[in-house]
Amino acid sequence: MSFEKGKMSGMSLRHPPETGTVMGSSVNIEIREVPRSDGVVILHFIGDLISDSVKQINECISGVIAKSKNYAIVDLSESNTISSAALGEFMGCRKRLVEKGGDLVFTGLKLEMRTKLNLMGATKIFRIHSDIRTAINAYKWDIERQPEKIHVSFPPYLKIVPPLRQLVSRIARQKGYGNRDSFRIETIVDEICNNAVEHGKSGPDEMIDLIVIIDPDKIEIDVRNMSDPEKIESLTAQLLPENSKHHKSKPDVKRGRGLTLIKMLSDELSVECTEQGTSVRVKKVREE
Amino acid sequence: MAKIDDTGNTKRGYTSRGIKFPYSVKVSFPGHLEYIPAIRKFIAELLQVSNFNSKFAYRSEIIVDEICNNAVTYGCRNENSTIELSNTIFEDRIEFDIQDQGGTREDLKRLKRAINTKIEETPDTTRQGGLGLEIVRTLSERLDVVIDEKNLTSVHVVRKREDERDESEAST
């Protein structure tokens, strides 16, 4: 990962540079920008954060806000001490950044300092990331709401579907989706993948593609498979609207409820079925 | 569980298709550490449905964890990097291929050092890094690392089924 980096000294604390070093009595602050992430600034604190540093922290964050940045990554990898006064100042600064739609997060904490912050209850307020890249990823997810893509290509075997549904569900939970949403996503994946296996071409080389695009507000699931000419009629028959009514009126019918279930659980469903291939796209908006 | 009739169809109507070996499952995911727990569990479950025992699945899970961690930590120079993990499952083994988009020169130096050195009889406790590949080497039959001219790194790991060995160990 590369950052635009430069060294400056003797800068006015009132207007810290976009990239450079602010020298202070107790701590030096190295300021770095992140390419392609306009709102992010990395503040690398070198030295101990004692009560004398409060003014310096405050002015640094004021400068950050003045430069229209709203996400500060505070790198404490070269700090051994953080006083309660400095921590209080960071809380105030964080509040100002949150009001601007951003955040102030910590990274590079040594184990001892992390333990202290934990004991002080600060970990309930501040998000702590293991490294700078993880913090930038969190910015892209939380603030820029950038989607992330997972692609799984698998052969048409029904036995593979349960691990797949679990995979997508676990990813959804990991990304902050609630249990209810995750379970519904799991059910959708199960139904579409089962349909793809059942109605698609069989054989280890006839791969099915599962593409999941997830962002903080919604998840899009796209399953593509090669159509089996012998089964295409049964599939297109299921897609006809009169057939879904037929299932409702005949409760003894045991098949073909998958798509109806997906419709109930999702916000958008589209099916493209041609002789070349079938693509089922589902969009599910996050509820919790 | 659905019963299978004479024609090989289940009562539910699904064709009872067993898994035919070998088969491949490819996973492409963003180069973020948070995806790794879900991926490693997925591979473990995949092995279990392919009739490998839970011990084999768990040890393979550790391999996946290590190679994915290395790929994310040393092979993702920017935030939009993706990791490609290909798993080919045979009746008697699994082969992993992982590709990343290449790290910095320093990352590659560390990686090459880790590949070429084996842990000494008296391990250096101050040593940082390189242990992941050592674990992979211990748990697998084969480990190959290829770094191409564009610094793209691919790691190939082969792990063989050890059921017979397990049974003989249990009987002794």
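**Loop in chain A**

I started at the loop between β2 (27-33) and β3 (40-47) of chain A, where A:Arg36 is found. This is a predicted model, so I am reading predicted geometry throughout. I looked up phi of A:Arg36 and got a value near 65°. That is positive, in a residue other than glycine. I noted it because most residues other than glycine have a negative phi.

**Peptide bond in chain B**

Next I checked the peptide bond between B:Phe21 and B:Pro22. The bond is cis, with omega about -5°. B:Pro22 sits in the segment before β1 of chain B. I flagged this one too, since most peptide bonds are trans.

**Confidence**

I then looked at the scores. The model has ipTM 0.83 and pTM 0.83. For chain B, the mean pLDDT is 80. I see 76% of the residues of chain B at 70 or more.

Which stretches of chain B have pLDDT under 50? I found residues 1-17, where pLDDT stays under 50. Where pLDDT is low, the predicted coordinates should not be read in detail. I left both stretches alone after that.

**Where the chains meet**

I moved to the interface. Here 25 residues of chain B are in contact with 28 residues of chain A. On the chain B side, the elements giving two or more residues are β1 (23-30) and α1 (36-49). β1(B) gives the most, with seven residues. By class, I have 13 nonpolar, four polar and eight charged residues on the side of chain B that touches chain A.

How does strand β7 of chain A pair with β1(B), parallel or antiparallel? The pairing of β7 (residues 148-154) of chain A with β1(B) is antiparallel, over three bridges. I wrote down two of the partners in β1(B). A:His151 bridges to B:Ser28. A:Ser153 bridges to B:Lys26.

**The sheet**

Ten strands form an open sheet, with antiparallel pairing. I read the order as β10(A)-β11(A)-β9(A)-β8(A)-β7(A)-β1(B)-β2(B)-β3(B)-β5(B)-β4(B). On average, neighbouring strands are turned by 10° against each other, direction ignored.

I also asked which strands of chain B are touched by α2(B) as it packs on the sheet. They are β2 (82-89), β3 (93-99) and β5 (153-160). The direction of α2(B) makes about 10° with that of β3(B).

**Helix pairs in chain B**

Two packed helices are described by the angle between their axes and the distance between the axes. I looked up both values for each pair.

I took α1(B) with α2 (residues 54-75) of chain B first. They pack at about 150°, with axes 8 Å apart. Angles over 145 degrees count as roughly antiparallel, so α1(B) is roughly antiparallel to α2(B). The crossing is right-handed. Residues making the contact include B:Ile39, B:Ile43 and B:Leu47 of α1(B) and B:Val64, B:Cys68 and B:Val72 of α2(B). I have eleven nonpolar, four polar and three charged residues in this contact.

Then I took α2(B) with α4 (residues 131-139) of chain B. The angle is again about 150°, and the axes are 9 Å apart. This makes α2(B) roughly antiparallel to α4(B). α2(B) passes α4(B) in a left-handed crossing. Among the contact residues I listed B:Ile62, B:Ile63 and B:Asn70 of α2(B), along with B:Ile135 and B:Leu139 of α4(B). The classes are six nonpolar, three polar and two charged.

**A helix pair in chain A**

Last, I checked α6 (residues 179-199) and α9 (residues 258-265) of chain A. Their axes come within 10 Å and cross at roughly 150°. α6(A) and α9(A) are therefore roughly antiparallel. The crossing is left-handed. On α6(A), residues including A:Arg184, A:Ile188 and A:Ile192 meet residues of α9(A), among them A:Leu261 and A:Leu265. I logged five nonpolar, four polar and two charged residues for this contact.

Conventions:
Residues are numbered from 1 along each chain as its sequence is written. Chains are lettered from A and ligands numbered from 1 in the order in which they are written. This is a predicted model: local features need pLDDT of at least 70, side-chain atom pairs count only at pLDDT 80 or more; totals for chains, interfaces and linings use all residues. Two residues are in contact if their C-beta atoms, placed from the backbone, lie within 7 Å. Helices (H or I, at least four residues) and strands (E, at least two) are DSSP runs, numbered from the N terminus. Ala, Val, Leu, Ile, Met, Phe, Trp, Tyr, Cys and Pro count as nonpolar, Asp, Glu, Lys and Arg as charged, and the others, Gly among them, as polar. Two strands pair if DSSP finds at least two bridges between them. pLDDT is the predictor's confidence in each residue, from 0 to 100. Axes are lines fitted to C-alpha atoms, for helices over the stretch in contact, and angles run from 0 to 180 degrees between N-to-C directions. Angles under 35 degrees count as roughly parallel, over 145 as roughly antiparallel, 65 to 115 as roughly perpendicular and the rest as oblique. A crossing is left-handed if the near helix is turned anticlockwise from the far one by less than a right angle, and right-handed if clockwise.
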